[in-house]
Amino acid sequence: MISFQTGTNKFQCRAASILFHKNRILFQRQSQDDLWFIPGGRVEFDESADYTIDREMQEEFGVTVLDKKMIWIVENFVSFPDMQVHEIGFFFLVTLSEDEPIYSNDTEFKGLEDGFVNKWIHLDHLENYKIVPEFVVPELKCLDMNNGIKHVINRSVRS
């Protein structure tokens, strides 16, 4: 994984998959946490972010990606009480086959990876959830897939 830590500073490179289906977006959280995020994972050394999307979707959900388009490159700076995190994120709009069983989940569900819970959240209900990084909800609400890749700089503080 492209991730390292020096003292209280941590850096990581992440790729994430934005899946839309019937005005719902797939989110994930750690089982013991209430913060929801877009599914994905850390990029491995000598692996493209594009390939990371394919690998992570297979590892986490057992699905094959049909198509993907990068829509955001994110510089994410998060301050925790005991650590500073600097993350470079590549966010892709991902297309799966319409007959994937993952689309039939109407409540929280487990994927293939232990320790995570997943849920399709309707676009109109995103404000009812604690979604991180903080830019995700406003950016999803105004997403224009005809524009090019958007560069996002996000700074946040978490307790």
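Helices (H or I, at least four residues) and strands (E, at least two) are DSSP runs, numbered from the N terminus. The model is predicted: local features need pLDDT of at least 70, side-chain atom pairs count only at pLDDT 80 or more, and totals for chains, interfaces and linings use all residues. Residues are numbered from 1 along each chain as its sequence is written, and side-chain values use heavy atoms, with hydrogens and water left out.

**View 1. Helix 1 and its end.** Helix 1 covers residues 49-61. Its 13 residues should span 18 Å at 1.5 Å a residue, where the expected span is 1.5 Å times one less than the number of residues. The end C-alpha atoms are 18 Å apart, which agrees. Just after helix 1, G62 takes a positive phi of about 70°.

**View 2. The buried residues of helix 1.** Buried means under 20% relative accessible area, exposed over 50%, and partly exposed in between (1.4 Å probe, protein chains only). In helix 1 the buried residues are A49, T52, I53, R55, E56, M57, E60 and F61. An α-helix has 3.6 residues a turn, so residues three or four places apart point the same way. The buried residues pack against strand 2 (9-18), strand 4, strand 6 (40-42), strand 7, strand 8 (83-96) and strand 9 (116-122).

View 3. A salt bridge is a side-chain nitrogen of Lys or Arg within 4 Å of a carboxyl oxygen of Asp or Glu. By this rule the count comes to 11. R55 and E56 form one of them, at 3.0 Å from N to O. Both residues are buried. A network of salt bridges links E47, R55, E56 and E59. K68 and D54 also meet in a salt bridge, at 2.9 Å from N to O. K68 lies in strand 7 (residues 65-80) and D54 in helix 1, so the pair ties together parts 14 residues apart in sequence. D54 is partly exposed, with a relative accessible area of 26%.

**View 4. The K130–D34 salt bridge.** The side chains of K130 and D34 meet at 2.9 Å, N to O. This pair links distant parts of the chain, 96 residues apart. K130 sits in strand 10 (residues 130-131), and D34 in the loop between strand 4 (24-30) and strand 5 (35-36). D34 counts as partly exposed, at 38% relative accessibility.

**View 5. E113 in its loop.** E113 lies in the loop between strand 8 and strand 9. Its relative accessible area is 29%, so E113 is partly exposed. Leaving aside neighbours within four places in sequence, E113 is in contact (heavy atoms within 4.5 Å) with E59 and E60. The C-alpha atoms of E113 and V152 are separated by 29 Å.
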